[in-house]
Amino acid sequence: MDFGLSEELTAVRDLARDFAEKEIAPTAAKDDKERAFRKDLVLKMGELGFYGSVIPEKYGGSGLGFLALALITEEVARVHSAMRVFVNMQVGPALALLQFGSEEQKKKCIPPLVRGETISCFAITEPDAGSDVSAIRTIAVKQRDSYLLNGTKLWISNAPVADRALVYAYTDRSQKHRGMSAFYTDLNQPGVSRRALETLGAHASPIGELTFQNFRVPADNLVGKEGEGFKICMWQLNQTRLSCAAGALGVARASREAAVSYANQREQFGQKIGQFQMNQDLIAQMVVHEESARLLVHRAAWLADQKKPNNLEVSIAKYAAAEAAAFAADAALRILGAYGYSTEFPVERYLRDAKSYQIVEGSSNIQKLIIAQDALGYRKANR
Ligand code: GRA
């Protein structure tokens, strides 16, 4: 067993840290406040290879792997959680295409995703289907050499700005989840309307609704076979969930760093507030939750790099990291008091951003369901 990072992975982490601190951090508060879409930073992350670590060189990536992706994501999220969402939006569709797409789709679609040239998203969730993916209502009806898509997708990250979307829709509803299919679509075609939405956190990550009205998708944009959509969706979520967990680590770390720095400097009742055991209790818990979550995230990423099943380990890591982030941001705010509550300091942003991790990519409750059903032997997570 080796807990150290290789030289190559250390270099990847340092590059991401350097970029995050120099290029993302200086405007993070402003970007959050203005709900800015920083396309320039999205492109720069592409240039630095942040979207390509899990993509082979043949399709424009570096093939460095999932641990590299986790390290990059954590560093980006540590300075601005909203910016790591772009990583997931490029990587999710690219990986689904890599795993299930035709050779032609891979050659044509993956390199621009890796470079960040085509801004992408994946569209699963709907007004009446969040945790229960098989309850989606969007349908795709085949008409000779194309499909007509109708339906509404909600809470889709990048919906207001994306060029492409991996859309999940039913091609045969009578087959239940076995009648779902996946389409890699061009959103700049007629039949798509978009509505931007506002959320509590992740303000610099555009989010919204996509409505498809007789949206025509060429038949060769079907990913995999008809009926494979649910399988593709579950497979894809297992990858993006891991990156999400790594993002949560970044927020947990930023919160812990802010709390420690403040506790070492702020004085009350004649001493540094770090001397008070109630604050020490919070800091000790932050450290333990964060460090255990990091080990779990790295284990799940390591398994992915060994090409071993890791659905269970991803759910454990995602649950642990999301809860660690929410705990740490809340604890940091308690330690900073009014300064934490103030919008002059980043801790309130960490708290708003941390809450998203308990909801996205399978809520904490869904992760617990997957973990408990595996433990009880009802439904094995790794299959
Ligand atoms: O036996 P079968 O052939 O019928 O297949 C079943 C099962 O084996 C079938 O699907 C298969 N399956 C899987 N196959 C491969 C299920 N899970 C997997 C898997 N992981 N890999 C039906 O299975 P089931 O267990 O009966 O399905 P279910 O009960 O309908 O749903 C399961 C579950 C609740 C886990 C699922 O629906 C789920 O994961 N829900 C959470 C949805 C979610 O994560 N949404 C995320 C939305 S996207 C997002 O948040 C973007 C955020 C962006 C960002 O911030 O980065």
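I started at His177: an N or O atom of its side chain sits 2.7 Å from an oxygen atom of the ligand. I found the side chain of Arg84 with an N or O atom 2.8 Å from a ligand oxygen, and for the side chain of Arg178 I also noted 2.8 Å to an oxygen atom of the ligand. For polar contacts I use a pair of N or O atoms within 3.5 Å; within protein, one must be able to donate a hydrogen and the other to accept it, and residues adjacent in sequence count only if both atoms are side-chain atoms. How much of the ligand's accessible area does the protein cover? I get 75% of the 1100 Å² that the ligand has on its own. Areas are Shrake-Rupley with a 1.4 Å probe, and for residues only the protein chains shown count as cover.

**Ground rules.** This is a predicted model, so I note its limits: local features need pLDDT of at least 70, side-chain atom pairs count only at pLDDT 80 or more, and totals for chains, interfaces and linings use all residues. Residues are numbered from 1 along each chain as its sequence is written, and side-chain values use heavy atoms, with hydrogens and water left out.

**The shell.** I listed 25 residues around the ligand, and the closest are His177, Arg241, Asn311, Glu361 and Arg379. Near here means that a heavy atom of the residue lies within 4 Å of the molecule or strand. By class I have ten nonpolar, nine polar and six charged residues. My classes: Ala, Val, Leu, Ile, Met, Phe, Trp, Tyr, Cys and Pro are nonpolar, Asp, Glu, Lys and Arg charged, and the others, Gly among them, polar. Which element gives the most to the shell? It is α7, with four residues. The elements giving two or more are α5 (81–100), α7 (229–263) and α12 (364–375). Helices (H or I, at least four residues) and strands (E, at least two) are DSSP runs, numbered from the N terminus.

Glu361 is in the loop between α11 (347–357) and α12. I read a positive phi of about 55 degrees there, although Glu361 is not a glycine. Most residues other than glycine have a negative phi. Glu361 is buried at 11% relative accessible area; buried is under 20%, exposed over 50%, partly exposed in between (1.4 Å probe, protein chains only). Gln367, in helix α12, is buried at 0%. Its side chain makes a 2.8 Å polar contact with the side chain of Ser315. Leaving out residues up to four places away in sequence, Gln367 touches Arg241, Ser315, Lys318, Tyr319, Glu361 and Gly362, with contact meaning heavy atoms within 4.5 Å.

**Phe269.** Phe269 is in the loop between β9 (267–268) and β10 (271–272). Is Phe269 buried or exposed? At 79% relative accessibility, I count Phe269 as exposed.

**Ser146.** I placed Ser146 in strand β3 (residues 146–157), and at 6% relative accessibility Ser146 counts as buried. Its touching residues, beyond four places in sequence, include Arg216 and Pro218.
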